[in-house]
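Please read them with the coordinates open.

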Amino acid sequence: MSKILKIAVIPGDGIGPEVIDEGIKVLKKMAEGSDFCFEFTHFPWGCEYYAKNGKMMADDGIEQLKAFDAIYLGAVGYPGVPDHISLWDLLLKIRKEFDQYVNIRPITLLQGAPCPLQEAKRDNINMLFIRENSEGEYAGAGDWLFKGKPEEVVLQTGVFSRKGTERIIRYAFETARRLNKSLTSISKGNALNYSMVFWDQVFEEVSLDYPDVQTHSYLVDAASMFMIMQPERFEVVVTSNLFGDILTDLGAALAGGLGLAAGANINPERTYPSMFEPIHGSAPDIAGKGLANPLAAMWSASQMLDFFGYEQRGRMVLDAIERLLTEKETLTPDMGGTASTSEVGDRVVQLLADMLNQASIPDNR
Ligand SMILES: NC(=O)c1ccc[n+]([C@@H]2O[C@H](COP(=O)([O-])OP(=O)(O)OC[C@H]3O[C@@H](n4cnc5c(N)ncnc54)[C@H](O)[C@@H]3O)[C@@H](O)[C@H]2O)c1
């Protein structure tokens with residue numbers, strides 16, 4: 001009997017449904033000949049749903065999603081619906097309600113992927129960013145006083161709890177230890193004299209439990225320079241919500257652009273479903289034209305396989321993407337090709353079929 005992995009699919013808006021369709025093709029392929037199968041349930045939530053119903057998701061949406069093993073999300077946001085509504089009422093709501101406090105963003109330059117650094121060696125761009133995903137600068141805490149008056153004041157408060165800070169740093173140390181890699185903390189203790197001094201202190205404290213893990217600590221400004229000048233400095237990286245958001249887009253640029261950048265929102269205790277998504281948006285400018293690059297959605301599918309313990313199959317998806325990038329025959333226009341979204345999907349599935357035929361995967365992993 002196959003193990004059934006129940007996946008809630010939220011394709012969302014714009015190119016979301018186009019890229020998710022291709023990711024699902026890949027997931028179905030990767031379940032072949034294994035001890036598991038996927039069961040996909042689609043939810044129509046997003047901006048179109050908002051236009052009809054005045055809300056981004058069903059009232060009991062979170063309850064409905066609880067029954068799933070994971071969520072696969074395309075992108076949300078579309079002209080006509082304010083971005084802060086589409087973001088807060090769907091994406092951030094899921095991240096918060098399901099305590100997905102770890103955001104994992106791999107920044108790995110795959111063979112054949114374009115890199116703006118001409119001198120960069122492939123092996124030198126291989127980082128794993130672990131971004132705090134539940135509080136920090138994106139806690140939504142603050143106030144808007146005397147709105148519209150000359151004395152108007154706006155406060156946006158960063159929230160760094162001991163629990164929230166310690167658990168993300170500990171997760172990063174565990175990851176670095178498991179991968180036998182160094183861990184770099186990125187903060188800004190010189191200017192943010194409460195939150196980031198606290199962050200640095202907790203990093204120091206937790207590091208005492210991991211004497212085997214080599215550590216580094218950088219200010220965020222220096223870190224952004226080093227990511228360009230000496231990217232090899234970074235292996236596993238832990239940072240706050242805001243810094244992680246910005247630096248991983250910089251990282252995405254280093255590792256092939258938005259068309260290749262994936263992210264996983266993880267609830268490590270597995271009390272709630274985790275969520276896998278490409279990090280790009282709904283790209284209204286190219287939506288519905290078959291131009292969207294589906295590789296980021298496939299990379300997030302690979303992260304999903306890793307999460308379920310099928311790491312060899314997850315790696316195989318990345319190998320297939322690498323082959324596609326190296327043969328350079330079936331690429332979407334953003335990567336200099338002329339192929340459509342579904343042609344790229346079909347080619348990756350074909351490459352995977354070849355690889356699965358040749359591979360022997362122990363324990364169906
Ligand atoms: N996670 C999310 O759901 C998410 C993330 C970012 C933005 N958004 C939303 O998406 C909408 C558009 O935002 P934006 O334009 O700032 O960012 P975007 O990522 O949608 O697009 C930025 C540029 O990159 C291109 N692009 C993005 N993904 C691509 C892909 N897979 N293949 C080829 N080209 C691609 C687009 O055509 C556009 O030129 C907004 O409503 C925004 O709020 C959602």
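The model is a predicted one.

1. **N180.** The phi angle of N180 is near 55°, a positive value in a residue other than glycine. Most residues other than glycine have a negative phi. Is N180 buried or exposed? N180 has 10 other C-beta atoms within 10 Å, so N180 is exposed.

2. **D99.** A positive phi also turns up at D99, a residue other than glycine, where the value is near 45°. D99 sits in the loop between α4 (83-97) and β4 (102-108). Its C-beta neighbours inside 10 Å number 17, so D99 counts as partly exposed.

3. **Ligand shell.** Which residues are closest to the ligand? They are G77, H280, G281, A283 and N293, out of 22 residues that surround the ligand. By class, the shell has 12 nonpolar, six polar and four charged residues.

4. **α1 against α9.** Helix α1 covers residues 16-31, and helix α9 covers residues 295-307. Their axes come within 8 Å and cross at roughly 40°. An angle under 35 degrees would count as roughly parallel. α1 and α9 are therefore oblique to each other. The crossing of α1 past α9 is right-handed. On the α1 side, the contact uses V19, I20, E22, G23, V26, L27 and M30. On the α9 side, it uses A297, M298, S300, A301 and L305. This contact of α1 with α9 has nine nonpolar, two polar and one charged residues.

5. **α1 against α11.** Helix α11 runs over residues 341-358. The axes of α1 and α11 come within 9 Å, crossing at roughly 10°. α1 and α11 are therefore roughly parallel to each other. From α1, the residues are E18, V19, E22, K25, V26, K29 and M30. They meet T341, S342, V344, G345, V348, V349, L352 and A353 in α11. By class, the contact of α1 with α11 divides into eight nonpolar, three polar and four charged residues. V19, E22, V26 and M30 of α1 meet residues of α9 and also residues of α11.

6. **α10 against α11.** How far apart are the axes of α10 and α11? The axes lie 9 Å apart, and the helices pack at an angle of about 120°. Helix α10 is made of residues 311-327. α10 and α11 are therefore oblique to each other. Their crossing is right-handed. M316, D319, A320, I321, R323 and L324 of α10 make the contact with R347, V348, L351, L352 and M355 of α11. The residues of this contact divide into eight nonpolar, no polar and three charged. V348 and L352 of α11 take part here, and both also meet α1.

7. **Y171.** Y171 belongs to helix α5 (residues 162-179). Y171 has 19 C-beta neighbours inside 10 Å, and the cut-off for buried is 20 or more, so Y171 counts as partly exposed. Leaving aside neighbours within four places in sequence, Y171 is in contact with V102, I130 and P268. Y171 and G148 are 23 residues apart in sequence, yet their C-alpha atoms are 43 Å apart in space.

8. **N241.** N241 lies in helix α8 (residues 241-254). With 22 other C-beta atoms within 10 Å, N241 is buried. Neighbours within four places in sequence aside, N241 is in contact with R131, E132, N133, E135, G136, E137 and Y138. N241 and N103 are 138 residues apart in sequence, with 8.7 Å between their C-alpha atoms.

9. **K3.** K3 is located in strand β1 (residues 3-12). K3 has 12 other C-beta atoms within 10 Å and is exposed. Residues up to four places away in sequence not counted, K3 touches D35 and F36. K3 and L260 are 257 residues apart along the chain, and 30 Å separates their C-alpha atoms.

Methods: Residues are numbered from 1 along each chain as its sequence is written. This is a predicted model: local features need pLDDT of at least 70, side-chain atom pairs count only at pLDDT 80 or more; totals for chains, interfaces and linings use all residues. A residue is near a molecule or strand if its C-beta atom, placed from the backbone, lies within 6 Å of it. Ala, Val, Leu, Ile, Met, Phe, Trp, Tyr, Cys and Pro count as nonpolar, Asp, Glu, Lys and Arg as charged, and the others, Gly among them, as polar. Axes are lines fitted to C-alpha atoms, for helices over the stretch in contact, and angles run from 0 to 180 degrees between N-to-C directions. Helices (H or I, at least four residues) and strands (E, at least two) are DSSP runs, numbered from the N terminus. Angles under 35 degrees count as roughly parallel, over 145 as roughly antiparallel, 65 to 115 as roughly perpendicular and the rest as oblique. A crossing is left-handed if the near helix is turned anticlockwise from the far one by less than a right angle, and right-handed if clockwise. Two residues are in contact if their C-beta atoms, placed from the backbone, lie within 7 Å.
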